[in-house]
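Reader: I'm new to this one. Can you show me the structure and then take my questions?

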Amino acid sequence: AAGVIQSPRHLIKEKRETATLKCYPIPRHDTVYWYQQGPGQDPQFLISFYEKMQSDKGSIPDRFSAQQFSDYHSELNMSSLELGDSALYFCASSNPAGATREQYFGPGTRLTVT
Amino acid sequence: GDSVTQMEGPVTLSEEAFLTINCTYTATGYPSLFWYVQYPGEGLQLLLKATKADDKGSNKGFEATYRKETTSFHLEKGSVQVSDSAVYFCALSETSYDKVIFGPGTSLSVIP
């Protein structure tokens, strides 16, 4: 079965640089969620999109922005990177009209800021 | 706001021991409850879920029952294996559109 695809899987950036993470949801899933998991931490919700509109916002820094495109893939743009942005970034997708409220998580993008 | 609390780790067990990881939640509505597992260096995998009170989720020998009266969703396994060593996250989601709220995670190490 198709799963959530994230790219790149690993990314190394320097402080003050920018990074773009991409997420391709499961086909027919119209909702995308982004989470950040710092070292030894639980995943924290950043932002979500439903039908290309922002649906909820969590603890996302102002330096970060995201959008969902017409093909439902999403991109998380991160600017002025800081050392503390080093984390595993998960994307998840769901089909809220489905029988279960389950979010399917991608494998994550590991961002290292040096 | 909604939150999830789970027992502090790390937990170290011998192979074939019984496992319980306690999880309690606070929610305004009737959330769906989940257990996710994260193996070292890997992503999140859904282990099991329950969507309403008294539902029992089960997978790979793990079980958890949605207890509304005690707002709990404790994870159990009768006989753990070394391959079960991972971090386990209890989580909830209020609605179809809502984010997943995770507990702090419990690290489990199973020794031969």
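This is a predicted model: local features need pLDDT of at least 70, side-chain atom pairs count only at pLDDT 80 or more; totals for chains, interfaces and linings use all residues.

Reader: Start with B:F102. Which strand is it in?

Author: B:F102 sits in strand β11, residues 101-102 of chain B. Strands (E, at least two residues) and helices (H or I, at least four) are DSSP runs, numbered from the N terminus.

Reader: Is B:F102 buried or exposed?

Author: B:F102 is buried, because its relative accessible area is 6%. Buried means under 20% relative accessible area, exposed over 50%, and partly exposed in between, using a 1.4 Å probe and protein chains only.

Reader: What does B:F102 touch?

Author: Residues of both chains. Leaving out residues up to four places away in sequence, the contacts of B:F102 include A:Y35, A:D42, A:P43 and A:F105 from chain A, and B:V4, B:Y36 and B:L44 from chain B. Contact means heavy atoms within 4.5 Å. As for B:T5, it is 97 residues from B:F102 along the chain, and their C-alpha atoms are separated by 8.6 Å.

Reader: How many aromatic pairs are there over all chains?

Author: Rings of Phe, Tyr and Trp (its six-membered ring) pair if their centres lie within 6.5 Å; planes under 30 degrees apart count as stacked, over 60 as edge-to-face and the rest as tilted. By this rule there are eleven aromatic pairs over all chains. One of them joins A:Y35 and B:F102: the ring centres are 5.9 Å apart and the planes are at 90°, so the pair is edge-to-face. This pair crosses between chains, from strand β4 (residues 31-37) of chain A to strand β11 of chain B.

Reader: And A:Y35, buried or exposed?

Author: A:Y35 is buried, because its relative accessible area is 0%.

Reader: What about the rings of B:Y25 and B:Y66?

Author: Their centres are 6.1 Å apart and their planes are at 80°, so B:Y25 and B:Y66 form an edge-to-face pair. B:Y25 lies in strand β4 (residues 23-26) of chain B, and B:Y66 in the loop between β8 (62-65) and β9 (75-77) of chain B, so the pair ties together parts 41 residues apart in sequence. Both B:Y25 and B:Y66 are buried.

Reader: Which residues do ring pairs link into a cluster?

Author: A:Y35, A:F45, A:F90, A:F105, B:F34, B:Y36, B:F89 and B:F102 are linked that way.

Reader: What is the phi of A:R28?

Author: A:R28 has a positive phi of about 75°, although it is not a glycine. The residue A:R28 is in the loop between β3 (19-24) and β4 of chain A. A:R28 is exposed, because its relative accessible area is 75%. A:S80 also has a positive phi, near 45°, and is a residue other than glycine. A:S80 is partly exposed, because its relative accessible area is 40%.

Reader: Last one. Where is B:D84?

Author: B:D84 is in the loop between β9 and β10 of chain B. B:D84 counts as buried, because its relative accessibility is 6%. Not counting residues up to four places away in sequence, B:D84 touches B:F62, B:K77, B:L108 and B:V110. B:G29 is 55 residues from B:D84 in sequence and 32 Å away in space, C-alpha to C-alpha.

Note on methods:
Residues are numbered from 1 along each chain as its sequence is written. Chains are lettered from A and ligands numbered from 1 in the order in which they are written. Side-chain values use heavy atoms; hydrogens and water are left out.
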